[in-house]
Amino acid sequence: MNIVDETFGVKTGRRCEMVDITGQVAGIVKTSGITAGDCIVYCPHTTAAITINENADPDVVHDMLMTLEELLPQDRRGYRHNEGNSDAHVKSSLVGPTQQILINNGRLSLGTWQGIYFCEFDGPRSRRVTVQIRGK
Ligand code: ZN
């Protein structure tokens, strides 16, 4: 089994935003030369996350962010954490810091309408995404 580790940066431009990183991850898979295995995409931040969802209709991203904001407004009363970003910490844990995608025939086995997203919940910031590819 071979293991390839890569990190790349993501610059976000808004407080809450979903950045499509499918192309960067697919590029790392291609360069790795690994044709069968799996790919782990990890977000090493406490107010951001990684998810997989539709990347065909941008309204899906809009609706997801709108729903998260309704469920977890930034100005919710009762938060104690004094940075003012408790909503972002909760969103990060709800969405989760990692995704795992199978690699078949040298490609990510995503569905037709699926893309990999870096989810920013406390931007704008400079962020990192780490990717590990394991296989043969
Ligand atoms: Zn905080």
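I call a residue buried under 20% relative accessible area, exposed over 50%, and partly exposed in between, using a 1.4 Å probe on protein chains only. This is a predicted model, where local features need pLDDT of at least 70, side-chain atom pairs count only at pLDDT 80 or more, and totals for chains, interfaces and linings use all residues. Residues are numbered from 1 along each chain as its sequence is written, and side-chain values use heavy atoms, with hydrogens and water left out.

**Zinc.** I looked up the donors (N, O and S atoms within 2.8 Å of the metal, or 3.2 Å for Na, K and Ca; water is not among the atoms, so sites may look incomplete). The zinc ion is coordinated by H81 (NE2), E83 (OE), N85 (OD1) and H89 (NE2), at 1.9 to 2.3 Å. Their spacing in sequence reads H-x1-E-x1-N-x3-H.

Buried or exposed, or in between: which is H89? H89 counts as partly exposed because its relative accessibility is 26%. H81 is also partly exposed, at 35%.

**Core.** I take a nonpolar core as buried Ala, Val, Leu, Ile, Met, Phe, Trp, Tyr and Cys residues joined through side-chain atoms within 4.5 Å. The largest one has 22 residues, and I21, V25, C39, V41, I116, F118 and V129 touch the most other members. Apart from it I found another core of 10 residues, including M18, L68, Y117 and C119.

I then checked contacts of I21 (heavy atoms within 4.5 Å). Leaving out residues up to four places away in sequence, I21 touches F8, V10, V41, I50, I116, Y117, F118 and V129.
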